[in-house]
Structure formats: C-alpha cells, structure tokens
Amino acid sequence: MPDTKPKLLIVEDDAGLQAQLKWAYEDFEVVQATNRDQALAALRSDMPAVVTLDLGLPPDPDGTTEGFAVLDEIMALKPDTKVIVASGHGARESALTAIERGAYDFYQKPVDIDTLGLIVRRAYELHRIEAENSRLAARVSQEQTVLGRIVTAAPEMSKVARTIERVADTSVSVMLLGASGTGKELIARGLHDASNRADGAFVAINCAAIPETLLESELFGHEKGAFTGAVKTTEGKIEQAHGGTLFLDEVGDIPLPLQVKLLRFIQERTIERIGGRKEIAVDTRIVCATHQNLEAMIGEGQFREDLFYRLAEIVVNIPTLADRPGDAVLLAKFFLGRFAAEMNPQVKGFAPDALAAIDGWGWPGNVRELENRVKRATIMADGKLVSAEDLDLGEDDDTQALNLKAAREVSDRKIIRHALSRSDGNISSTAKMLGISRPTLYDLLKQYDLQP
C-alpha cells in the first residue's frame, strides 16, 4: 500500500458489522455511511476508490430497492468506482443484477472478513491500474504521437514517421500519397517542424480549391495593375514560404500551363510575379500531396513527367485508417477528450458497444470521418458514455479474399491490436477480452512481433 492510505467507503446500516469492518481494514482510510444520502455525500467529498455496499438499506432494510438505487447513483456520479455489493437477499438474482448495473463484485452474507478483504484489495489494485491507464491515455498527444502531431500506435504510421524524420533536414522534395482524410497536411507540418526550416513559415495551398484563373496569382503573386482588381502588389504563396516550406495539396489539379511555370521555379529557384519583369530569388522547400494516380495522369498527358520527378524525389505512402489496426479506437479517445472539454464536459468515455462499432467500421473517410463522427457523438450524447447509437454507424461488410493461413494471421493481428487498444495496453485486460490466458497472449505477441 502507498504511504497515503486509500479511501474505502463502507455503506452498512448494521452498527455491529460497521465496527467489525472498520477494524478489519486498518490499511484503508475507512469512511462509513448508513443510508443513501450519507453514501452519496461521502462519495462526493472523499472520492473513494472502492465501496462496499449492503443492498438492504433503510427505508427498505429487508429488500434491495434502496441498495440498487445507491449503486445506480454511484455509477452515474463516478463510474470508475469499484463497488462490492453484499446481500443475503436472493443472492444469485441480486448478484447478476448488481453486475449488470456496474458493480465490480458481489459477496453473499454472512460476511467473511478475510475473503471480503481480499476482494477489496483486488478491487483497489484494479482501480489503481485503470487510473494509471487513464493518465497514460490523457498524455496520448505526447506519448503516442509521431512527428509531434500524429496520434498512432500502428507500425505502419511509425514507418512513415521514420521516413519523414530521415529526410526532414535535407532539401529534397517530398510527395505524400494517400486517400482523402489520411492526414497528409498534418504529416507535411510534422516534416516542416522536424526540419532545419522550422523557424520559417509553413504555407499551405489546396490547388483543387482555387479556380484555375486565380491559382497562378495565388502561387506566384502579382504586381499592382497586372490585371483588373490588382490594386496593390501582392506576394504569392511561394514567396510567403521563403525560408520555410510550401505545401501543395492536391498537386494533381494544377493545370498544365501552370505546371510549366512551377517546374521552372523548382529548377531555377526564382519567380516572376504576374505583371512583373524582375526575377525574385526564393528559398522554399516544396512538399506536395495528392490522392490521384499521377503516373496514370502522365500517361494521359494530364501531368508533366519532368515535374513529377522533380516533386517526387521522395515518395511517402500514407496508409488508410483501416490499414492502421487499433488506431481508430486510439484516435477516437483522443478526439473525445478534446471535444468533450470544449462541448460536453459530462462525457467521460465510450460505452463498450461504441468501441466495438469503432473497431468494426471500415472508415472510408479515414481520420477525417472519425473526427467528425466523434465530434457529432460528443455533442449528441445524453449520458457520460458515448454509445454506438450516438456514433450513428451502419453495417460494414468489409471482406477480403485471402488464403486460410494468411487470413488467420491477418485476423489475429488485427484482433490483438484492437484488444490492446481498447484495454490501453493492459495485458491482463487484453487477455480477458480475447478469452485467452496471459501466457498465450505473450506467445502471440512474440509470434506476430507486436508490442503492448
């Protein structure tokens, strides 16, 4: 036990048993209550990790109604509390009902102090472990991020991060390839922050979001009077990124005439503003991204091959969220913590059915879709836990045609990663969730080279 004694709340209306229990738990700071009001007041003021609760409380000492009412309120106020229910009333039925309503364990009267003491200590230890897991989860932005920005525990994303870190301090152009919503701009920012240009500007432009007639001006700037409406000289995005990084998102949407001008800048490192005659030297690193197949576009004459090879000195493929097993739950917890603090502080986590739904969904919209779903669910949630209904996810029939051995390995890896993610890396909880022993889980982790 730690130097500061953990608090134990004993809710019991029998004075003799109260005294006996208080004497038995000298390792705990015991707080006592004899009815619902006292129990809830003690819960709020003392925040005990463990509660022993007699179901037969006044005004229903011969039944269980009042005891279950206290249990329900404890679970609503502080759902992480480990409640050990003791009763002599319909033991089996009461036990099942208590566990369904959130109790940690059930003990039938008459009370055996030694056995109940063992249950109490186990409950406290589980609470301590869960609290530590929660603290680790709260530090997810530091402990489970790569490049200082990307929340992940997936080897696939760690590989991406290692590549980015290796090229960060070089001058090579980097092309990020991946589906929409996979976090390409976030990775580009991470590359900039890890580079020796971090003190310079990071300037991003979405080439698909700007009309073709305006894109040249946005990139290269213009002189005063260069065209109708050009009332002053304006720097383009390339100049604004001098000494820093220019991120060209959806680079495949740049029209062919403008591709020629962009290629000239990359080769000469000078630009001319629209309407200008002066060459301006610019030191800007280019990072670009697209979800399109640029090599196919080259074959169709829609993208210049020489520009492609200038932009794609290093190519990094960003995996989809479906290819990052376990990350969906990890990211969902991260987003929930952020959105709950801003929009709905009463929300504390996900219900089991919500975690199962997050695990089972294919996330065609990737991280962006997950973020939007969690944001909506946080706002819509009525209770402390976000439910599957709040997430509003339908059925996902994602199947793969694989040989049996390969399918088994793929399935095992995904399921183990999902379980590790949902249990915050706790081996005992993961093994229990998977229905296997701890030694078996360790063997599987070693076999598939997985880390808890």
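In this predicted model, Ala86 has Tyr107 of strand 5 as its bridge partner. Strand 4 (residues 82-87) runs parallel to strand 5, and four bridges link the two. Strand 4 also pairs in the parallel sense with strand 3, here over five bridges, and Lys82 of strand 4 has Val50 standing opposite.

Six of its six residues are buried, so strand 4 is largely enclosed by the rest of the structure. In a regular strand, side chains alternate between the two faces of the sheet. For strand 4, both faces are covered: one side carries Lys82, Ile84 and Ala86, the other carries Val83, Val85 and Ser87, and all of these are buried.

The whole sheet is open and has five strands in the order 2-1-3-4-5, with parallel pairing. Strand 2 (29-33) and strand 5 (105-108) form its edges; each has a single partner strand, so one side of each is left without a neighbour in the sheet. On average, neighbouring strands are turned by 20° against each other, direction ignored. Helix 2 (residues 36-46) packs on this sheet, where it touches strand 1 (7-11) and strand 2, and its direction makes about 175° with that of strand 1. Helix 3 (residues 65-77) packs on the sheet too, touching strand 3 (50-54) and strand 4, with an angle of about 160° between its direction and that of strand 3.

Attention now turns to the nonpolar cores. The largest has 30 residues, and Leu248, Phe265 and Leu311 have the most contacts inside it. At least two residues each come from several elements, including strand 9 (202-206), strand 10 (245-249), strand 13 (285-290) and helix 12 (294-299). Helix 11 gives the most, with five residues. Beyond residues up to four places away in sequence, Leu311 touches Ser173, Val174, Met175, Val251, Ile266, Ile286, Cys288 and Phe303. Another core, of 26 residues, lies apart from the largest one, and Ala340, Ala377, Ala381 and Val386 are among its members.

The Arg273 side chain makes a polar contact of 2.8 Å with that of Glu239 and one of 3.2 Å with that of Glu223. Leaving aside neighbours within four places in sequence, its contacts also include Phe220, Thr233, Glu235 and Ile280.

At the level of the whole chain, the domain assignment gives domain 1 (7-141), domain 2 (152-319), domain 3 (322-391) and domain 4 (404-448). Taken over C-alpha atoms, the centres of domain 1 and domain 3 are separated by 30 Å.

Note on methods
Residues numbered from 1 in each chain as written. Predicted model: local features only at pLDDT ≥ 70, side-chain atom pairs only at ≥ 80, totals over all residues. Heavy atoms only, no water. Polar contact = N/O pair within 3.5 Å; in protein donor to acceptor, adjacent residues only side chain to side chain. Contact = heavy atoms within 4.5 Å. Pairing = 2+ DSSP bridges. Axes fitted to C-alpha atoms, helices over the stretch in contact; angles between N-to-C directions. Core = buried A, V, L, I, M, F, W, Y, C linked by side-chain atoms within 4.5 Å. Buried < 20%, exposed > 50% of the residue type's maximum accessible area, 1.4 Å probe, protein only. Domains from an automatic or database assignment.
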